[in-house]
Amino acid sequence: MARITPAEVRERYGVDPKQVPDFIALRGDPSDKLPGARGVGPKGAASLLRRYGTLDKMLANELFPTQAEQLRTFRSIATMDASAPLPRLHNQKPTWHRAALLAREWKLNALADRLAALDPGARS
């Protein structure tokens with residue numbers, strides 16, 4: 001992991017730093033298994049963000065109407081704040097099958113496969 005400057009972000013991705021979560025949502029992120037918008041790669045994502053400014057403005061202009069909720073979810077995943085306060089969780093047994101279904105619903109199929117493999121009932 002390396003810290004890069006705003007100028008390096010612009011050079012590397014073609015977008016401003018504040019646009020990176022939208023860029024990731026559009027382009028996808030193989031390391032997080034985010035598929036991104038169908039048919040949009042890094043150059044296309046950067047071009048769209050230069051034209052519209054934000055993912056929300058694209059969606060308001062009816063771009064990606066069938067993927068709007070997925071793209072918002074991908075952006076949310078890309079902006080997770082590890083320092084955010086979380087409520088205390090009760091100790092409970094993981095429900096791997098339900099987690100796999102949710103991941104598959106979000107089109108995170110590789111993650112869904114890994115979660116499903118953790119389900120003891122699936123190994124029988």
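This is a predicted model: local features need pLDDT of at least 70, side-chain atom pairs count only at pLDDT 80 or more; totals for chains, interfaces and linings use all residues.

Modeller: Let's start with the largest nonpolar core, which has 29 residues; Leu 26, Val 40, Leu 48, Met 58, Phe 64 and Leu 71 are the ones that touch the most other members. A nonpolar core here is a set of buried Ala, Val, Leu, Ile, Met, Phe, Trp, Tyr and Cys residues joined through side-chain atoms within 4.5 Å. Buried means under 20% relative accessible area, exposed means over 50%, and partly exposed is in between, using a 1.4 Å probe and protein chains only. At least two residues of this core come from each of α2 (20-27), α3 (42-52), α4 (55-60), α5 (68-78), α6 (96-105) and α7 (109-117).

Residues are numbered from 1 along each chain as its sequence is written, and side-chain values use heavy atoms, with hydrogens and water left out.

In soluble globular proteins, nonpolar side chains tend to be buried together.

Phe 64 sits in the loop between α4 and α5, and its relative accessibility of 16% makes it buried. Its phi is positive, about 55°, although it is not a glycine. Glu 62 belongs to the loop between α4 and α5 as well, and this non-glycine residue has a positive phi too, near 65°. Glu 62 is exposed, though, with a relative accessible area of 66%.

Next, have a look at α2. With 7 of its 8 residues buried, α2 is largely enclosed by the rest of the structure. The buried ones are Val 20, Pro 21, Asp 22, Phe 23, Ile 24, Ala 25 and Leu 26. What do they pack against? The buried residues of α2 pack against α1, α3, α4 and α5. Just after α2 comes Gly 28, with a positive phi of about 90°.

Phe 23 deserves a stop of its own: its relative accessibility is 2%, so it is buried. The model has 1 aromatic pair, counted when ring centres of Phe, Tyr or Trp (its six-membered ring) lie within 6.5 Å; planes under 30 degrees apart are stacked, over 60 edge-to-face, and the rest tilted. The rings are those of Tyr 13 and Phe 23, with centres 5.4 Å apart and planes at 55°, so the pair is tilted. Since Tyr 13 is in helix α1 (residues 6-13) and Phe 23 in α2, the pair ties together parts that are 10 residues apart in sequence. Tyr 13 itself is partly exposed, at 27% relative accessibility.

Then there are α6 and α7, whose axes come within 8 Å and cross at roughly 170°. Axes are lines fitted to C-alpha atoms, for helices over the stretch in contact, and angles run from 0 to 180 degrees between N-to-C directions. So α6 and α7 are roughly antiparallel; that label applies over 145 degrees, with roughly parallel under 35, roughly perpendicular from 65 to 115, and oblique for the rest. On the α6 side the contact uses Trp 96, Ala 99, Ala 100, Ala 103 and Arg 104, and on the α7 side Asn 109, Leu 111, Ala 112, Asp 113, Leu 115 and Ala 116. Sort the residues of this contact by type and you get 8 nonpolar, 1 polar and 2 charged. For that sorting, Ala, Val, Leu, Ile, Met, Phe, Trp, Tyr, Cys and Pro are nonpolar, Asp, Glu, Lys and Arg are charged, and the others, Gly among them, are polar.

Finally, step back. The protein has 7 helices and 0 strands, and 32% of its 124 residues count as buried. Among contacts between residues at least 6 apart in sequence, 44% join residues at least 24 apart.

Conventions. Helices (H or I, at least four residues) and strands (E, at least two) are DSSP runs, numbered from the N terminus. Contact means heavy atoms within 4.5 Å.
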